Amino acid sequence: MAHLYGLDAAGTRLAQTAASIAAEVAARHAEDVDRKGRFPKESVAALAEAGLFGLCLSPSVGGAGQAPRTFAAVAEELGQVCASTAMIYVMHVTAAQAIASATTLAGRDDLLRQIAAGKHLTTLALSERGSRSQFWAPVSKLVEQGTGYTTHAHKSWVTSANHADSYVSTAQRPGAASPLESTIYLIRRGSAGVRVAASFDGLGLRGNDSTAVEIEGLAVAKGDLISDLGAGATTKLEVILPWFSVGTAAMANGLCRAAVAATAKHLAGTGFEHTGTQLRDLPTLRARLARMSARTEQARALLGYTVAEMEHPSETTPLFVLQSRFASLEAAVDVTDGAMKACGGAAFSRQLGVERTFRDARAGWVMAPTADHLLEFVGRALTGLPLF
Ligand SMILES: Cc1cc2nc3c(=O)[nH]c(=O)nc-3n(C[C@H](O)[C@H](O)[C@H](O)COP(=O)(O)OP(=O)(O)OC[C@H]3O[C@@H](n4cnc5c(N)ncnc54)[C@H](O)[C@@H]3O)c2cc1C
């Protein structure tokens, strides 16, 4: 059967590689990662080893040159088994795309080669304590100093904070009249003035190591800039937002598929001794499962359409990107909630793995652009208002 995301032979092979890593590595550790809230180092190492760190980078730097459709398929495979691994991977691929878009970053291609070789994990450090989920409006500022800049920032959430080799960060350009005049820059691991300030103990995605990072007096050289001064919003809207949206939508779709599969298995395999019937003999439960499956496939079909649009962009493409992320986030919250209800008390315990999908699915909803932001952006676009 054709893949819903329209993969070609190379994309299919890479998605199969991700499925094998999910089944053979991530599945073995996912429960422990969740229980201990520890980084899924085994699966991240397997992704690096398999060449998936450079999935969407150009072959000229050693990447696999894949389009968003393959990224979606890979993130969905990981999301079905270990959403923490999927999250780390989605942040990595998105940040790598931001780096690849840079025209100002010194040593950009060497860095991309390191990434493609699986030797460099990167991530996003956009959210700040002062502007919270409104990632388009950093309150931190670059201040001119010597031939470069210096900056202070309270980054509120950075996935892979303790493990990433670099962070793709943002601050206002020197002398900005508004926080929208932002710049994207790279922070390398070990830079003086950068401190991981907490450890992560969350409801879901417990292994994603997403925590606060304090930046005090960090020196930012001109060669560390990823966007031109003041051009950060363009990188955010044209690079980071689409890749992040595809990745997180796919991860949410993976959570839906896991919840549907676990529910179907439980309904078919569990019964009432006193009547000799199975849970699946109850029409209410069958209808609930069917609704969960329909929502999942709707979200997947919309993402499949969206990734095709992205290869031949038109003026409707940004709307599809936003709506697709929203549809997948909402489906994940509803479908995993349906799984909890259909599987009853059994879902309440850890043994089915359903409650983990329920907890993990909540995170996408509050990650910027949050579900509220997405609706606001779509509503503004449809009524002819500017996004900000
Ligand atoms: C597991 C996890 C991993 C994360 N990883 C990263 C990361 O790697 N890098 C990174 O930069 N950030 C990351 N984040 C942060 C994330 O992107 C958001 O910035 C964060 O979740 C916002 O939380 P908050 O309490 O500050 O929300 P608030 O901004 O306080 O929002 C509270 C509520 O108000 C709503 N709201 C806010 N502004 C608007 C608006 N303009 N219109 C309508 N509704 C609005 C929100 O939707 C939300 O429901 C992560 C978050 C989580 C949960």
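Guide: Domain bounds here come from an automatic or database domain assignment. This is a predicted model, where local features need pLDDT of at least 70, side-chain atom pairs count only at pLDDT 80 or more, and totals for chains, interfaces and linings use all residues. Residues are numbered from 1 along each chain as its sequence is written, and side-chain values use heavy atoms, with hydrogens and water left out.

Visitor: Which domains does the shell around the ligand draw on?

Guide: Domain 2 (122-230) and domain 3 (233-382) each give at least three residues to that shell.

Visitor: How many residues surround the ligand?

Guide: 20 residues do, and the closest are Ser 127, Arg 132, Ser 133, Thr 370 and Asp 372. A residue is near if one of its heavy atoms lies within 4 Å of the molecule.

Visitor: New topic: where's the cis peptide bond?

Guide: Between Ala 368 and Pro 369, with omega about -5°. Most peptide bonds are trans.

Visitor: And what's phi at Arg 132?

Guide: Near 50°, a positive value in a residue other than glycine. Most residues other than glycine have a negative phi.
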